[in-house]
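User: I'd like to go through some of the labels on this model and see what backs each one up. Can you take me through them?

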Amino acid sequence: MPKIARFTLLWSAEQDLYLLYEHDHPLLEADSASWFTWLTTHTSFSFRGRNGHFNLLKEARKKSSEAYWYAYQRQGKCIAKRYVGRSIELSVTRLEEIGRAFQKIQILETSIWHGREEMLKEAVEQNLRAQDAEHAAALIDCYVTRRGFDDMQDLSTLRNWLEQLPDDLLSQYPLLCLHYAQVLSVSVEPEQPPVGILEQIETLLQMADSRWRAEGNLPRLGEVYAFRAYLAMRQGMQEQAVAYASQALRWLSFLESQHWRGVCLNLLGSRAVSCGQLTQATELLREALTIWTNLHHLHGARSCLLLLAMVYGEQGVLQHAAACYRRVIQEAREVGDREDLIPALLGLAQTLCMWRDVEMAEQVAQEAWDASEQWQNEELLQRSTSILLQIWSLGESKSLVRQRLTALQARFSAHPERFASLQPLLLQTLGLDREAPQYAITRLEPLSRQEQRVLRLLVAELSYAEIARELVVSINTVKTQVSSIYRKLNAHSRREARALAQDLRLFSTESHENAKNHERR
């Protein structure tokens, strides 16, 4: 809080204007040419207006010679700060606008001090009914600042409030713009959001971006970019999501905006997993898990644990992978979260398969299958069926597998079309597809994604050192993975592995050629 300046801009009721005083001596009139010249050569003054009192201080921007004015006002035990603008923008109209904003904040502070949140909501409703949008906007802004978006229990009420605010008023409250965009995003299906909603969200984000950029508020800009990353990820625009998330992390505060840091770290960790950058993925996801744990954000922690389990599985640290999956399963069951429960069950079933604990793997996979069928989720149902087939093929003859499939088909009696959609998968897994080889496929232990990456480069005739550089792992790790690949394919050399990969169509011709072209480059 700056000290009260010796210069004061004071409202004169007699002259119906503002005059700048130095102590008790009038110097000049506000909004005059002399006023704006004075602002360029001075750094502080006190405002005593019709709409409140506050102090102003000119602050220099980092890495810039330009300075901007900020308003300060003591509110109880706290100091409120608001961006005002450049010297040329400090008109009487702008200063009175700041005064009204401070007044409205004080009204809200009084309501909060009495601890009566319902009274605050009623005050918002009353102001909206009276069409006093300015007062309502100030109350809503302080309300969401206090609570944060994650603590909002009634998003429909918040959306109803924000829908009644005009755009020119919303643009003065960038946090409301961001929250409004978030409310709209959770109200639509992520895969196919209506174009109109996407355009409205973009308009709101641009308003928030412009305001915070003008204020030089980089942490808040980071929140906008983090939300853009989240939206891009939901729409399958991976490259754009990664770009937004990377920029957001450079701006977000380490002490604040922890939720958004967690979102970006999860997203970048997921990307690193898909690219086979397991060391980087581990670092990103562990940092994210620490954030979610500190925030007591259970869903964020479960999402992070699922990704970490995948990393541990790719690295062959099966004990850690199983521990992550079991933790997710336990927590997801407690809250009834099928979205996390089923993938965790499937991951644990695959991990148990690698341990050759076939009985337990089948039990876990069957639970995943039942939950997928009950949820009517076709993608998870196919994954569950595929893993069950893999488990059955480990220790059963084809005749017994066929009996199990007959029993499985009977469970689809009410929805035969679902079983029909699974038939290509079933036939290929059983080796009955005319275009698939008639041997070995039902006996193969599945390769992990990292092993598939190594095999692609192996058949492209890259050396162990070249593979290690490409996947950013050690040569010893490559040797271990190659040994595992040979064991699973029952191969004894690179030539045999290449032949089996071609016979079993483990890779498309295109991906094989891409690997060769990559090596030529």
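Analyst: Strands are DSSP runs of E with at least two residues, helices are runs of H or I with at least four, and both are numbered from the N terminus. This is a predicted model, where local features need pLDDT of at least 70, side-chain atom pairs count only at pLDDT 80 or more, and totals for chains, interfaces and linings use all residues. Residues are numbered from 1 along each chain as its sequence is written, and side-chain values use heavy atoms, with hydrogens and water left out.

User: What makes S5 and S6 a pair?

Analyst: Six bridges join S5 to S6 (residues 67-75), and the two run antiparallel. The cut-off is at least two bridges, so they pair.

User: Which strand does S4 pair with?

Analyst: S4 (residues 44-49) is joined to S5 (residues 52-60) by six bridges, also antiparallel. Arginine 48 stands opposite histidine 53 in S5, and two residues lie between the strands of this hairpin.

User: Why is aspartate 209 called buried?

Analyst: Buried means under 20% relative accessible area (1.4 Å probe, protein chains only). Aspartate 209 has 11%, so it is buried. It sits in helix H8 (residues 195-215).

How values were computed. Buried < 20%, exposed > 50% of the residue type's maximum accessible area, 1.4 Å probe, protein only.
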